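Colleague: I have not looked at this one before. Can you walk me through it?

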Amino acid sequence: MSKEEIVNDASMFLNSMFDEAHKDYNSIELSESDIKGLIYSSKMNFHSFSENRKCSVKFCRKKAVNSHLFQESILKKNSQNGHYIYPSADLNKRQIKLEKIGVNKALTFPGFCITHENMFEYEKKEQLNYEHELRTLVYKAICYNHVYWDIIYKYSEDSITALVDKKHKQFEKSTNNKYKNLLDSLGIEIKKLHFSDPRHKNLKQHLKERKIIINDSLIFKKLAWKDIESNKNENLKSYVIELDTIIPIFFSYFGNLTIKNDDLTFDDKACLIIHPFKESTKLIFTTTTNNHVILKNLLNRLTPELTWNFILSSLVYISDNWLINEEFYNKYIPVGVKELLESAVSLPLTPPNK
Ligand SMILES: [Zn+2]
């Protein structure tokens with residue numbers, strides 16, 4: 001045998017071994033309970049985070065306390081016996097379940113240090129009177145969304161690593177270390193071998209999308225802070241729709257927002273807040289100053305009835321970061337919307353026309 005033939009032979013042997021290993025690897029299916037156990041830790045609750053983090057404010061190094069996205073006293077006033085319902089993922093049934101949450105926990109996150117907790121002046125008055133107060137509310141909502149996605153990203157990344165590890169281990173076990181010994185003798189570590197796994201690819205894609213949201217929220221967070229410091233709407237601008245009734249729905253979203261009406265379309269990053277105050281409910285749309293005109297022209301067309309429809313569709317299609325008074329939910333949310341919410345596997349749903 002020539003030297004070349006020996007090399008060819010060896011590489012053919014290696015190739016067929018990899019093919020075989022690949023087939024064996026792909027035949028391994030982790031059980032549902034394995035996946036569930038690895039992806040979701042048992043006590044994780046996305047509507048109430050507590051983690052050791054620093055304050056969200058630029059350059060502040062102090063420890064963040066448990067901040068409320070929406071202030072506790074306003075929440076209390078609009079609650080039913082101190083509780084709200086919110087969409088929680090029921091992992092056993094693999095669907096959304098509307099569950100109760102107490103105001104002390106509802107939409108809490110490690111947001112700000114004790115000092116910076118005092119910058120939200122509207123909370124004490126339960127009213128938004130000045131542009132400055134509005135800016136701080138928007139800032140808080142953006143920070144919430146940033147922390148929320150950042151924590152979820154970390155959880156997801158850890159669980160994906162755990163899943164891949166588990167699959168590698170199962171692979172070694174089920175093939176009786178057949179390949180391991182062979183690879184060991186060649187000095188190749190089994191963990192370094194990457195086999196394409198469609199589920200793994202989906203998860204990776206998922207992570208990539210989350211990373212984009214985190215980066216976008218970070219950009220908006222910086223812009224919002226600049227405006228607070230300069231006391232001007234230089235970077236971000238809000239459009240507020242005020243309804244003269246108190247609707248006990250608290251809602252927050254940051255990300256891509258699409259609104260269409262006839263010839264006008266807004267399709268860009270925005271922050272959306274729905275917030276009941278002392279005498280009214282406000283819908284606050286915030287985007288960059290460049291995009292503000294289109295958004296404003298579109299929202300100018302919203303009649304009170306269309307605004308109510310917009311609120312309802314936001315609960316289903318825009319975000320799952322919301323709280324509703326249960327009595328209000330039972331009485332005023334249309335049956336069709338309830339059916340969508342209560343039969344969903346995850347929220348928000350993708351709009352049907354997309
Ligand atoms: Zn601070």
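Modeller: Helices (H or I, at least four residues) and strands (E, at least two) are DSSP runs, numbered from the N terminus. The chain has 11 helices and nine strands. This is a predicted model, where local features need pLDDT of at least 70 and side-chain atom pairs count only at pLDDT 80 or more, while totals for chains, interfaces and linings use all residues. Residues are numbered from 1 along each chain as its sequence is written.

Colleague: What box do the C-alpha atoms fill?

Modeller: Roughly 90 × 45 × 45 Å, taken along the principal axes.

Colleague: And how many of the residues count as buried?

Modeller: 27% of the 354 residues in the chain. Buried means that 20 or more other C-beta atoms lie within 10 Å of the residue's own; exposed means 12 or fewer, and partly exposed is in between, with C-beta atoms placed from the backbone.

Colleague: Which residues of the largest nonpolar core touch the most other members?

Modeller: Val-138, Ala-141, Ile-142, Phe-250 and Cys-271, out of 54 residues in that core. Helix H5 (residues 131-174) supplies the largest share, 10 residues. A nonpolar core here is a set of buried Ala, Val, Leu, Ile, Met, Phe, Trp, Tyr and Cys residues joined through C-beta atoms within 7 Å.

Colleague: What is Val-138 in contact with?

Modeller: Beyond its neighbours within four places in sequence, Val-138 contacts Ala-224, Leu-236, Ser-238, Cys-271, Ile-284 and Thr-286. Contact means that the C-beta atoms of two residues, placed from the backbone, lie within 7 Å.

Colleague: Different topic. At what angle do H9 and H11 pack?

Modeller: About 15 degrees, with the axes of H9 (residues 304-317) and H11 (residues 335-343) 10 Å apart. Axes are lines fitted to C-alpha atoms, for helices over the stretch in contact, and angles run from 0 to 180 degrees between N-to-C directions.

Colleague: Last one, Lys-226. Where does it lie?

Modeller: In helix H7 (residues 198-230). Lys-226 has 14 other C-beta atoms within 10 Å, so it is partly exposed. Not counting residues up to four places away in sequence, Lys-226 touches Glu-234 and Asn-235. Between Lys-226 and Leu-236 there is a C-alpha to C-alpha distance of 9.3 Å, and they are 10 residues apart in sequence.
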